[in-house]
Amino acid sequence: MIGYTSVGTNDLPRSGAFYDDLLSVLGAGRVMVVSDFIVWGTGANSPCFSVHVPYDGKPATIGNGTMIALAATSRQQVDEVYHKALALGGTSEGAPGPRTDDGFYAAYFRDLDGNKLNIHFMG
């Protein structure tokens, strides 16, 4: 159902480098680059993730309560993405670990612009 998700940035080159490294762990690469946004995906018909300079020209800000959740293929990949995000300058919002009794394993972090992301695996 989701075609793509977007977060804002005030420094597209810096944000692009952050997400190039981070999303490569999930097998994603750039599928579109325009002067004011970059889109990453894993295939032609897969949901994508994008970073945009705000259309209205005002500074990008984070949404209170807004979070993008990325799907991992294993608990190990959750750990890897989380630690990669921190190594790239992101900040922790919750270390990897089980979150529910039904196998939901997740970690939370913020990117360089303060956008909150989740990486998770069910199983």
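**View 1. Ser15 lies in helix H1.** Helices (H or I, at least four residues) and strands (E, at least two) are DSSP runs, numbered from the N terminus. The model is predicted: local features need pLDDT of at least 70 and side-chain atom pairs count only at pLDDT 80 or more, while totals for chains, interfaces and linings use all residues. Residues are numbered from 1 along each chain as its sequence is written, and side-chain values use heavy atoms, with hydrogens and water left out. Ser15 has a relative accessibility of 3% and counts as buried (under 20% relative accessible area; exposed is over 50% and partly exposed in between, with a 1.4 Å probe and protein chains only). Neighbours within four places in sequence aside, Ser15 is in contact with Thr9, Val51 and Asp113 (contact means heavy atoms within 4.5 Å).

**View 2. The largest nonpolar core has 25 residues.** Such a core is a set of buried Ala, Val, Leu, Ile, Met, Phe, Trp, Tyr and Cys residues joined through side-chain atoms within 4.5 Å. The residues with the most contacts inside this core are Tyr19, Leu23, Trp40, Phe49, Leu70, Phe109 and Ile119. At least two core residues come from each of H1 (12-24), E3 (37-41), E4 (48-52), E5 (68-71), H2 (75-87), E7 (104-110) and E8 (116-122). H1 gives the largest share, five residues. Leu23 touches Ala28, Trp40, Phe49 and Leu70, not counting residues up to four places away in sequence.

**View 3. Helices H1 and H2 pack at an angle of about 160 degrees.** Their axes, 9 Å apart, are lines fitted to C-alpha atoms over the stretch in contact, and angles run from 0 to 180 degrees between N-to-C directions. H1 and H2 are therefore roughly antiparallel to each other (over 145 degrees; under 35 is roughly parallel, 65 to 115 roughly perpendicular and the rest oblique). Phe18, Asp21 and Leu22 of H1 and Val81, Lys84 and Ala85 of H2 make the contact. By class, this contact has four nonpolar, no polar and two charged residues (Ala, Val, Leu, Ile, Met, Phe, Trp, Tyr, Cys and Pro count as nonpolar, Asp, Glu, Lys and Arg as charged, and the others, Gly among them, as polar).

**View 4. Pro47 sits in the loop between E3 and E4.** Pro47 is exposed, with a relative accessible area of 52%. Apart from neighbours within four places in sequence, Pro47 is in contact with Ile2, Gly3 and Gly41. From C-alpha to C-alpha, Pro47 and Gln76 are 22 Å apart in space, and 29 residues apart in sequence.
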